Amino acid sequence: MIGVPLPVSTSPILRRAGSKPVFSDQKVNEMKGGSIPMHGAAIMPSPVLLWRFKVLLFLVWGISCCKIGWDSVMRMSADLRDLFLYEAFLYYNPLLLVTLMVWLWGVNLWVFAQSSVSYAKVFDLDHTHLTYREIWKCSTWMTIIVPTSMTAYLYLYSHGEVSLAASQPVMLYTVMLMLLVFPFDIFYLSSRYYLLRTLWRIILPLQAITFSDFFLADILTSMSKVLSDLERSVCRMVNRQVATIAWFEADSICGSHSLAIPLVLVFPYLCRFFQCLRQYKDTKEKTSFLNALKYSTAVPVIFLSALKYHVFPNKWTNFYRPLWLLSSVINSLYSFYWDIARDWDLSVFTRIFKFKNPHRCTSLLYGRIWVFYWVIGSNLILRCTWTYKLSAHLRHNYLTVFTITALEISRRFQWIFFRVENEWNKMTAKQSIELSTEDVPKEEDRLLGPASHSM
């Protein structure tokens, strides 16, 4: 009869007209004790097992790279080993530090995602912005690709394949650049476009400055040494000096006497300086002018340091070095004061890491007085060491410079927490004031009263 629902059979045997009996998967599993999965989806490894397998592969890869790299270095003669390591390190040191910055940025986003700070609103991001999981995915691939290329460079160079070794950093830089500017909708096109657009606005601050503009510019000031090493590496590649001993030649185009080194070092500070002037022009706030003065103090530090390669040693020691030390102290103390009093606002120290849901970090960090002392003390020390890194006589001590640059990146990672939260607090306070203003009745409404009376 039409419209009458057919009874649903509860039998484990399902039969179609003219077909053989078919047993349901549930019943079959029950008959076999439920120990044998029936479909391909059921035999997939668990996420925990897959994660452990990935970790195992990562460890095997890391140990292999270390073993091959160490054996390759030991093949070199003792007099050429330091030169060999220095040249190889300067090709890959910038990308290793960028990888570290990407990893730490993912940690920043993870903490913001767990807390009440809406970083998407602070940076004015749309719904397609990268989450901390996607950031960590990018940093994982960078962690694999960069050391692998470096290991191949060490192996090929030590085994006499100089031309193949020279091609390794060239290919790596080319691939990185292509992935960054690739115009097709793959590999997070919207996020890459957002980054490139912000970089363009930093280079030419001809428009109103947004929070993203000066935030990224501040990060670039912490990576000025990275940019300088990138310039030197690209210069070597363009002039076909890769895998040669021309790096230490003073008269080389890309040598220590090159004027491009201090220019690249000072470039992020100049960008930030002009951003502050643009803000002062738009807002007429004295704070913006004082902030511009802070970034201008980095200019004499960099250029006085570079003078060591262009003046006599006695003149550097007796005249220019005291000036460099004085300018370093002024820049460090000025920047330290600005971080604490302006960028952070001391009140944020009682609210950082306040997660929406209970978390182990909350009990360890929230409202703890030692966090206050640690952040202020470490920021002061690392501010001073970052300035000292610009010293000319440390330029060839690559391990020291790498360590200090990594510490500066860590200081900036720490700075981001307080700077973004401070901006978020300003935004929420402004919204609260606007809402309270809308709720207050206008003066004319209170004077006229209700208009429901009759004449």
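Visitor: Which residue lies over the face of tryptophan 338?

Guide: This is a predicted model. In it, arginine 342 is placed over the face of tryptophan 338, at 5.5 Å from the ring centre. Likewise, arginine 412 lies over the face of tryptophan 415, at 4.4 Å from the ring centre.

Visitor: How many aromatic pairs does the structure hold?

Guide: A pair of aromatic rings is described by the distance of the centres and the angle of the planes. The structure holds 25 aromatic pairs. In one of them, tyrosine 91 and tyrosine 153 have ring centres 6.0 Å apart and planes at 75 degrees, so the pair is edge-to-face. Tyrosine 91 belongs to helix α3 and tyrosine 153 to helix α5, so the pair ties together parts 62 residues apart in sequence.

Visitor: Is tyrosine 91 buried or exposed?

Guide: Tyrosine 91 has 0% relative accessibility and therefore counts as buried. Tyrosine 153, also at 0%, counts as buried.

Visitor: At what angle are the ring planes of phenylalanine 123 and phenylalanine 211?

Guide: Their planes stand at 55 degrees, with the centres 5.3 Å apart, so the pair is tilted. Phenylalanine 123 is in the loop between α4 and α5, while phenylalanine 211 is in helix α8, 88 residues apart. Both residues are buried. They also take part in one aromatic cluster, whose members include Trp105 and Trp415.

Visitor: Where is arginine 278 placed?

Guide: Arginine 278 is in helix α10, residues 260–283. Its side chain is joined to that of aspartate 282 by a polar contact of 2.9 Å.

Terms used:
Residues are numbered from 1 along each chain as its sequence is written. This is a predicted model: local features need pLDDT of at least 70, side-chain atom pairs count only at pLDDT 80 or more; totals for chains, interfaces and linings use all residues. Side-chain values use heavy atoms; hydrogens and water are left out. Helices (H or I, at least four residues) and strands (E, at least two) are DSSP runs, numbered from the N terminus. A polar contact is a pair of N or O atoms within 3.5 Å; within protein, one must be able to donate a hydrogen and the other to accept it, and residues adjacent in sequence count only if both atoms are side-chain atoms. Rings of Phe, Tyr and Trp (its six-membered ring) pair if their centres lie within 6.5 Å; planes under 30 degrees apart count as stacked, over 60 as edge-to-face and the rest as tilted. Buried means under 20% relative accessible area, exposed over 50%, partly exposed in between (1.4 Å probe, protein chains only). A charge sits over a ring if NZ of Lys or CZ of Arg is within 6 Å of the ring centre and within 35 degrees of the ring normal.
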